[in-house]
Protein chains: 2
Amino acid sequence: MATIYEVSELAGVSLATVSRVLNNSDKVSPATRAKVEAAMRELGYRPNTIAQSLASNRSNSVGVLVPELDGAFFGIMLSSIEDELRAAGKHVIFSAGHSDEEKEKASIEFLASRQCDALILHVFAVSDEYLGTLANGPVPIALIGRNLPEIPGRCFSLDNEEGSYQATRALVELGHRKVAYLAGPLWKSDARARFVGFQRALAESGLSFDQALLAEGNYQEASGKQGMRSLLRAGKPFTGLVSANDEMAIGAIEEVRERGMVIPDDLSIIGFDNVFFTRFMNPALSTVNYPIDVMGRMAARSVLRDVYGQEGLEIRNRFEPALVRRASVARHAQ
Amino acid sequence: MATIYEVSELAGVSLATVSRVLNNSDKVSPATRAKVEAAMRELGYRPNTIAQSLASNRSNSVGVLVPELDGAFFGIMLSSIEDELRAAGKHVIFSAGHSDEEKEKASIEFLASRQCDALILHVFAVSDEYLGTLANGPVPIALIGRNLPEIPGRCFSLDNEEGSYQATRALVELGHRKVAYLAGPLWKSDARARFVGFQRALAESGLSFDQALLAEGNYQEASGKQGMRSLLRAGKPFTGLVSANDEMAIGAIEEVRERGMVIPDDLSIIGFDNVFFTRFMNPALSTVNYPIDVMGRMAARSVLRDVYGQEGLEIRNRFEPALVRRASVARHAQ
DNA sequence: GTATAGAATGTAACCGCTTACATTCACTTC
DNA sequence: GAAGTGAATGTAAGCGGTTACATTCTATAC
């Protein structure tokens, strides 16, 4: 691989001049620029990004941490982040935190040790305090699905409470008076917010919340199935179910089916997140849309703006959920 | 951030010695090693990976190119690759090729310009010739879902023909005599192989292949729906459908449903790939398992072995598909 | 014609590490 | 006791760029 030195030789200029045309900065006369570019072409020269990084103290890489690399939900986000950053000539290093505090910290360590210029994190397990000190450290961070007062401009979140409020309202308006709730892990802030929205909708409709109609899961399919089993076993009748996310809703549906109940005739179900395969289900699952793709894109833009000094980027920080009505809910005959 | 120089000062040794304990190579006396380690700890020293890369001419990063970053299928692969490589202290740079020749080439260019030590590619659009010259270039590549004679040890593939052969046989054995085929884009080698397996199973069962029962799609949902529409419109009756992948099968199912037909009573359907949500469908989709996760892992290991000199890794190159029987197929009453 | 300013280009130090080679030093060996 | 040996450590030259500062050159003003 040719180096900048060889290019300078061939073009008959100094290293500095070649570097200047490379960074098309400063003033280089059109004539020398042309000479240098010709030399680069002739040698098939491509800058060594590692050397550039070392000299400029900028790696042009941003680290992205998500709970899981697979999974319907995060793939979308990864995709939009990569798309946006790649277009700006930056590259992305991904890592998975597996919703475990130690693993999340280890991954952050790992990414930081990789000289990332910035980190985009979708984490739950680490504390606000930890994130606070991290945010005050040398490498800037952006947060998806979480708010940190220290860096309001680089936090991107959805109004989770509003989302399940809408979902619950939809069920109530269809005549459901007994509505169960399948909660996410309540130590996670978003799971709590979603639960609050559910309760608020109930209260506003003059319905009381019944502890026996609550089950807590971990956002995964199996826990949804198990949650539904415990709800049914409790014996309190209900005609609607609001699930804190789509995956648990799927688990719940499996359980319901195994008992010979049919959806939505015997039970109306509504999920949250609008992961892509909810459309494919039969009946298609009603859910609440979570615009994770644009949120990822916005986070990417915020680092483009704050870290790389790019200007004129359109950025939004707060997002509104939107109800997606499909066949898994039906009117309840009073 | 502390540098190796400060560590050497504090420990009272030379730069080289610090570097030696860092790479725990060579012989360093236990005493000096301890001194150095203490100094590193005291300074909170962490090596600058960029500088290491520049000096050692090794970036410790491997580039991974997939058609799409989102999507049920590739997420699994990304996940296992990251897992395996991360455990070895390497990091992964992902990029998407979008099954487009120019974009795939651009992504490969991009990854190579990032000084990746190796590339793991899941590509279709670029030619064998292009891959051949790439493989002879300076950066080693590994291929998933494709074979290149130049690098047999770093190609990882599934016997696609066998997979659809099995799927088709399964339908035939259930009494289906009229079986339609929803092909992938036939310019892709795997789509062709799958189609061949279908034809072979038919021939072996003494059934003739009817051109009117063939539709070609692009592996995406919408094309499956459209393919099914054209099959139905053609008017030739059939009781079974083999789809070249699961996503198209989903599209086909939508179309079928809209016409009031029920699966599997009116039509038995079988897909290919066993993407995770096939389980969630109702009825659950029969399919052919594609062990993309272990294939990704194996590709990662092959670069660990060939590029980073790691030994004792268990590696397999060829994989066998396996039929997954679920509720979307039923016996056809003769 | 000389002084002077500003644009274009060059010089060289540095980024933080690796590594070939040189040096030191404590033991053996005869 | 001199010479030889090998392990531990040090020296210094890169790796391929960036960039502050110095230098050269040209055009303008007087």
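The legends below describe close-up views of a predicted model.

**View 1. Chain A as a whole.** Chain A contains 12 helices and 12 strands. Its C-alpha trace spans about 90 × 40 × 30 Å along the principal axes. The radius of gyration of chain A is 26 Å, whereas a compact globule of 334 residues would have one near 20 Å. Of the 334 residues in chain A, 55% count as buried. The accessible surface of chain A is about 14,000 Å², and carbon and sulfur atoms account for 48% of that area. Contacts between residues at least 6 apart in sequence were considered for chain A; 69% of them join residues at least 24 apart.

**View 2. The protein surface around DNA strand C.** DNA strand C is surrounded by 25 residues. The closest are A:R20, A:K27, B:I4, B:S19 and B:Y45. By class, the residues of this surface divide into 11 nonpolar, 11 polar and 3 charged. Both chains contribute helices: α2 (15-22) and α4 (49-56) of chain A, and α2 (15-22) and α4 of chain B, each supply at least two residues. The most comes from α4(B), with 4 residues.

**View 3. B:S53 in helix α4 of chain B.** B:S53 sits in helix α4, residues 49-56. Its relative accessible area is 8%, so B:S53 is buried. The side chain of B:S53 reaches the backbone oxygen of B:T49 at 2.8 Å. Leaving aside residues up to four places away in sequence, B:S53 touches B:R58 and B:S59, as well as A:I50 from chain A.

**View 4. A:L134 in helix α7 of chain A.** Helix α7 of chain A covers residues 128-136 and includes A:L134. A:L134 counts as buried because its relative accessibility is 17%, below the 20% cut-off. Beyond residues up to four places away in sequence, A:L134 touches A:I108, A:L121, A:V139 and A:I141. The C-alpha atom of A:L134 is 26 Å from that of A:G89, a residue 45 places away along the chain.

**View 5. Two cis peptide bonds.** In chain A, a cis peptide bond joins A:I263 and A:P264, with omega about 5°. A:P264 belongs to the loop between α11 (246-258) and β9 (268-270). In chain B, a cis peptide bond joins B:N282 and B:P283, with omega about 0°. The loop holding B:P283 runs between β9 (268-270) and β10 (287-289).

View 6. A:H98 is not a glycine, yet its phi is positive, about 55°. A:H98 is in the loop between β2 (91-96) and α6 (101-113) of chain A. With 33% relative accessibility, A:H98 counts as partly exposed. B:N60 is likewise not a glycine and has a positive phi of about 60°. B:N60 is in the loop between α4 and β1 (61-66) of chain B. B:N60 is partly exposed, at 23% relative accessible area.

Key: Residues are numbered from 1 along each chain as its sequence is written. Chains are lettered from A and ligands numbered from 1 in the order in which they are written. This is a predicted model: local features need pLDDT of at least 70, side-chain atom pairs count only at pLDDT 80 or more; totals for chains, interfaces and linings use all residues. Side-chain values use heavy atoms; hydrogens and water are left out. Buried means under 20% relative accessible area, exposed over 50%, partly exposed in between (1.4 Å probe, protein chains only). A polar contact is a pair of N or O atoms within 3.5 Å; within protein, one must be able to donate a hydrogen and the other to accept it, and residues adjacent in sequence count only if both atoms are side-chain atoms. Contact means heavy atoms within 4.5 Å. A residue is near a molecule or strand if one of its heavy atoms lies within 4 Å of it. Ala, Val, Leu, Ile, Met, Phe, Trp, Tyr, Cys and Pro count as nonpolar, Asp, Glu, Lys and Arg as charged, and the others, Gly among them, as polar. The radius of gyration is taken over C-alpha atoms; the globule rule is 2.2 Å times the number of residues to the power 0.38. Accessible areas come from the Shrake-Rupley method with a 1.4 Å probe; for residues, only the protein chains shown count as cover.
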